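I opened the file today and wanted to walk through it piece by piece. These are my notes, in the order I looked things up.

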Amino acid sequence: MTTLTAKEKAQEFIHAFYTQGNIVNYLAMAADDDIIAFGPHSDQYAIGRDEASHCLRGEFDAIAPCKLFRSRLRVKEEADNCAVTGLVSLRTAHDTSPVLHQLTLMYRIRGGMYRLKGIHLMRDARHEATYRMVCTKMVNAAVEKAKEDIGVLPVTQEALPRYVHSGLITFRLEDDRQLVHYSDDFWKMLNYPDRETFNEEIGPHMMRLVPEENRQALLSAITKQLTKQEGYQVEYAMCRNGGEPQLWVVECGHRCLGEDGRPAYHAVVLDITSIKQASETIAYQVSYDDLTGIFNKSAFCQQAQRILDVSPDEEFEIMSLDIERFKIINDLFGEETGDRILKYLADFFRETRLPQSVFARLHSDIFLLFYPAKDKNRERFIKSLKVLAASFTLGYRVVLRFGVYQIKERGLAVSAMIDRALLALMKSKENGLVDVCEYNATMRSHLMTEQSIVNDMNEALTQKQFVIYLQPKYDATSARVVGAEALVRWMHPTRGQIPPSEFVPVFEHNGFIFQVDQFVWEETCRLLRKWLDDGVNPPPVSVNVSRVDFYSTQLVNIFDKLIRKYDLPPELLELELTESAYTDNPQQIIEITKELQSKGFKILMDDFGSGYSSLNMLKELPVDVLKVDLKFLDSGGDTGRGGNILNSIIRMAKWMRMPVVVEGVETKAQADFLRTIGCNYIQGYYFSKPMPVADFEKLLSQRAEVVEKEPPMIANWPDDQDLEELLNPNTNFSRLFNGIIGGVGLYEFYDGRLELLRANDNFFRLMEAPAEIILEKGKQVLDYILEEDRPALLHAMEAARHGRVAECVARRRLLNGTVLWMRIRASVILDDGERLLLFLSWEDVTQQFSQQMNLQQLTDCIPMGFVFGRLLGNEIELEYANRWILDLDGVPAHNEGGEIEMSFRKLVGSKAHDAFVNYIRQATDLAEPYTVEYAFTNYFGRDFWLRAVLNASRSHDGSIAIYANIYDLTVQHDLEEKAGNAGRAKRGPSTANTLTWR
C-alpha cells in the first residue's frame, strides 16, 4: 500500500466515525480482533472490537451531532507497521468554537493488506475556545496592573483594546452583585446614551441587567466556581437598554480586595452575540436538514440513542421510507414540485406528537422514523403516510415504500440500525409486490456474506482468483459468431465459483469494481493480442464499464494505454456502459464517451430501456450499438405489451441506423420472434452460456471467417432530434400534432404490415375508442380496412412514396363493429426501400358517401352519363360519376362510391380541359346550359363521339359547381361519316349557346 492509500484508509475511518458514528461496521471490516483503542474520556485501554466500539461510541455521543471541517494527516510506514497521525477539526452543536482532536491510527501490514490494530484519540484543548482564553488573559493582565497600583482595578478604557466590544466592572457578590466601578465601554455596550441614564435605571444593581428567570442560575454558577478557584467564567444573556434584542456575553472575573479591604471581584464582560448567533446557526446546520427543517441523520442518531438509554425496557422500531421513482417526478414536474412533496411529508412529521419518537430526512427522498413498537404505531404511520402521499395534488400517483427494523440488538450503533432498516427498504423496492418489508435474519446473512466478500477481495485480486469468461454474440439471421462479451468470474479457493450477482453489487458499492474492471480490460486485451499473434481473425470483444469507473479522470487514458500497449485496433475492444450509469452522472459520461469514440472505440449501451428516458438519452449520448435485455418479453413469448415495447425499440434503432443486440435469449421461440421484428444480433443461453476462454477458442476454430456485414443503405433518415420530435409526447411537435383538426396518425409500413405508432387526440375521438385500447388491439391498420378497399389505400401509399400527398376513400371497421367511409390522405416522411414512415389523415365521409350511394342507385339505371364536379380556379375537379360514365371511360372505380382516380385533365387531355373551362365560365355567366360535342378515347384506346350538356352556377365560396349529362353519339356519328356527310350539322337545341368542339 502506498502512502496515499494509507491516507485514504485513515479518511475512511474519519468519515465512518465523525460523520456517521458507524464505527461498529467499520471495525468489523477493517480492524484486528485484538485492536486497542482509547479516547480522551476513557479511564483505561479498550481491547477487542466490541470494547473498542463501545469506547468510541461514547466519544461520538459526546460530540454528536457534528460537522467535519478538515483533517490533516501524516503517514509513517516501517516494515510491517504503519502509523497515520493528524489533527481533525470539527464543529458540534454544543460548542461555539472548533473542537480539535489529535488522532493516531496504527496498522499492521500482512500480505499487502492493512488491518487497524490501534486507535489513539485525544482532545486538543489548547486550541479550543480561543475567545475565552483571550478574555481570561485580559482579565489577568488587568488584575496584575491593579495590584501594582492601589489594589483596585482602575476604570479606564485603555485597559482593553478598542477593537474588542467589551467593558470592565468591579462588584461585590452580596446585594445582587452590587456594582462598585464600571468602564464607559460597559454602558455603551448595553446601548445606554450616557452614564447618568445608566445610573438612574440600573445604579449599583448589576442583576437588573440579567433576565429574572436566569438570575439564580448565574449566581449559583459563579459561586460554585469561586469555591474551587480564585477566578470564574460564565456565559449568559444580558438585557440591552430598551429590552430586545438581548446581548450574549462571557464574563471572566477574579477575586481581589477592594479599597475598604473587603472582597471584591474584577471582571471583563465580552460581547459574544455574533459568535453565539453563528454558533446557533452551526448547531442548526449540523442537526437539521436544510430543506425540510427536520432532523438530519446525525441528530437522529443522537436523539434515538438518548431515548434508548433512558428507556431500556421499552421496545422501539426504526422505519425508513422513500418515494418510488422520485427522480421521474423531478424530471417530469420539476425539482420545485419534488421539494414540495418532501416538505409535505416533513410537515406531517413535525406535527406528529408521539412521545419518544424522532423523525429525520436521511438524504434525497429517504426519511427515517424512530418510535415505540407498541399500540400499532407501525401500521398507523404506514396508513397515514399512504393517505398523505395520495392526497398530494399532482397528475401522478405518489407511492411510498417502507423498510422496518425492530430493534433487538441495543448494542448496535443507531447508524447500524438505520442500515438494517434501509436494507429492508431495498428489499421492498426489489420485490415490487409489497410496499413494506421488515429486516430479518436472512438479510443479516446477506450482510455477513457481503462482509466476507470484502474481507477476501484484495487477496483475490492479488492471487488472480478472478478470471474472464466469454459469452458469444450471434448474427440473428445466419447464427454465426460475430463477437463476444467478457465477463468476470471469481474462483474462490474454498467457496468455489462465487456468482457475479453476489460480489459485483458489493464491489460497485465500495468502489473496488474499478480495480476488477481494469483487470478484465487488460486480460481481454492480452487475449486479443494472443489471437492476432496466432493468426486468428478475432471478432470484437466487449467489456463492461461500470458507473463507478466513470468517476476516474484517467479512464480514457487507461483504455488508450491498453490499446497502445498491446498494439490493438480500437474497434476490437468494445465498451459497454449501462443506462443507469448515464442517469447517475450524465454530463461527465457524455464527455468521456465522446472522447472514447474519437479514439476509435465503439460504445454499446447495455440494459437500454431499463430507465424511463431512453429516447432523451440517445438524443444526448452518442452510442453505436444498443443492448436490450429480453425481460421486455412476457413469459408467454412474443405476445403482450413486452413484445410491443421490444418491437418499438428495435424499430427505433433501425430508424437511427443503429444495430441492436438482444441478450437473455433462452428459447427457440424467442429467437424466432426476434428475427421477425428485425433484430440484428442475439446473445443468450439458447445459443451459448458464458464459457471459459479455451472453449470459446474452440468455437472460433469451428467457424468460418467472420463475414463482414454490408454497409448500411444510406437514406434520408431522421437524426435523433427528429425522432424525439416525432415520438416524444412532451415536445412542441406534439402540441402542434394534437392541434390539427381531424384525425392524424404516424404509421410504419413494413413487410405488408401497416402499424400505428402514435396519433393525435382527434384520431382517437374519430375511432370512438381510448388511445390505450387502440394502441393495444388496433395497431395493425389493414386488418380493419375492408378487404375490397385495401388496394385503394395501398395504391395511395405507393403514390405518396413519390413525394406528393395522395388520397383515397376506403371503408374502415371500428373496434365496436361500426363501418365508416373514410377519406384517407397519405404523406410519406421516410423511405429506405424496405419500410415507410408516413402520416395518414382520416376524415369521416360516411354521410357524404351514403348520399352518393343513394344517388348511385338512382343514376346507375339512367342510359346516359351523369357527372358533377367543381371548377376551382382553372382546374376542373370531378366529384361524382355514375356507372355509365365509369364503364364508358374504362377507369376502374376503387369503391362503390364511384371515386374517379384520374383527374379530368388526364381523362380528356390539357387542350380539351382548357376548352371546357371556357365553356363552363360562359355557362355560368349566362345561366344557361351549353351543349358540347367532342371526340373521346377511353382507357383501353376505344374512340367515342360524345355530347355533353353543361350546367354551371357560382357557389357562395367563389367556386363554380357543374353538372352535365353525357350522351353517346358514336353510332350516329359513324353512320353520318359513312354517308359522307363531312359537314355534319350542329347537334342539340338550335340556340345561340350551343357549341361544337372537335
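I started at strand β20, residues 541-545, in what is a predicted model. Four of its five residues are buried, so I put β20 down as mostly covered, taking buried to mean under 20% relative accessible area.

Next I asked which strands pair with β20. One is strand β18 (residues 481-492), which joins β20 in the parallel sense over two bridges. I looked up Glu485 and found its bridge partner in β20 to be Ser542. Another is strand β21 (residues 573-578), which runs parallel to β20 with five bridges between them. For Asn544, the bridge partner in β21 is Glu576.

I then followed the chain from β20 to β21. Together with helix α18 (residues 555-565), these two strands make a right-handed β-α-β unit.

**The six-stranded sheet**

What is the strand order in the open sheet of six strands? I read it as β2-β1-β6-β5-β4-β3, with mixed pairing. The edges are β2 (46-47) and β3 (66-78); each has a single partner strand, so one side of each is left without a neighbour in the sheet.

β3 pairs with strand β4 (residues 81-92) in the antiparallel sense, over 12 bridges. One residue I looked up here is Ser71, whose bridge partner in β4 is Val88.

Which strands does helix α2 touch? Helix α2 (residues 23-30) packs on the sheet against β1 (31-38), β5 (99-110) and β6 (113-123). I noted an angle of about 140 degrees between the direction of α2 and that of β6. Helix α3 (residues 49-63) packs on this sheet too, touching β1, β2, β3, β4, β5 and β6. Its direction makes about 40 degrees with that of β1.

**Val24**

I picked Val24 because its place is in helix α2. Beyond its neighbours within four places in sequence, Val24 is in contact with Ser53, Leu412 and Ala413. I also looked at Ala52, which is 28 residues from Val24 along the chain; their C-alpha atoms are separated by 8.9 Å.

**The five-stranded sheet**

Further along I looked at an open sheet of five strands, with the order β28-β27-β31-β30-β29 and antiparallel pairing. At its edges are β28 (753-759) and β29 (806-813), each pairing on one side only. Ignoring direction, neighbouring strands of this sheet are turned by 35 degrees against each other on average.

How many bridges join β30 to β31? I found nine, between strand β30 (residues 819-831) and strand β31 (residues 835-844), and the two run antiparallel. Arg823 has Glu843 in β31 as its bridge partner. Helix α29 (residues 790-800) packs on the sheet and touches β27 (743-750), β28, β29, β30 and β31. The direction of α29 makes about 150 degrees with that of β29.

**Met238**

Is Met238 buried or exposed? Its relative accessibility is 0%, so Met238 counts as buried. Leaving out neighbours within four places in sequence, I listed its contacts as Phe186, Leu190, Met206, Leu209, Gln246, Leu247, Val249 and Val269. The C-alpha atom of Asn214, 24 residues away along the chain, is separated from that of Met238 by 9.7 Å.

**The whole chain**

Then I zoomed out. I counted 34 helices and 36 strands in the chain. Of the 998 residues, 49% are buried. The chain exposes about 49,000 Å², and carbon and sulfur atoms supply 50% of that. Taking contacts between residues at least 6 apart in sequence, 59% join residues at least 24 apart.

Last, I checked the confidence. The chain averages a pLDDT of 79, and 80% of the residues score at least 70. Residues 145-163 have a pLDDT below 50, and the model gives this stretch 31 contacts beyond near neighbours in sequence. Over residues 893-901 the pLDDT also stays under 50, with 33 contacts beyond four places in sequence. Where pLDDT is low, the predicted coordinates should not be read in detail.

Notes: Residues numbered from 1 in each chain as written. Predicted model: local features only at pLDDT ≥ 70, side-chain atom pairs only at ≥ 80, totals over all residues. Heavy atoms only, no water. Buried < 20%, exposed > 50% of the residue type's maximum accessible area, 1.4 Å probe, protein only. Contact = heavy atoms within 4.5 Å. Areas by Shrake-Rupley, 256 points an atom, 1.4 Å probe, with all protein chains shown as cover. pLDDT = per-residue confidence, 0-100. Pairing = 2+ DSSP bridges. Axes fitted to C-alpha atoms, helices over the stretch in contact; angles between N-to-C directions. Right-handed = clockwise from strand over helix to strand, strands pointing away.
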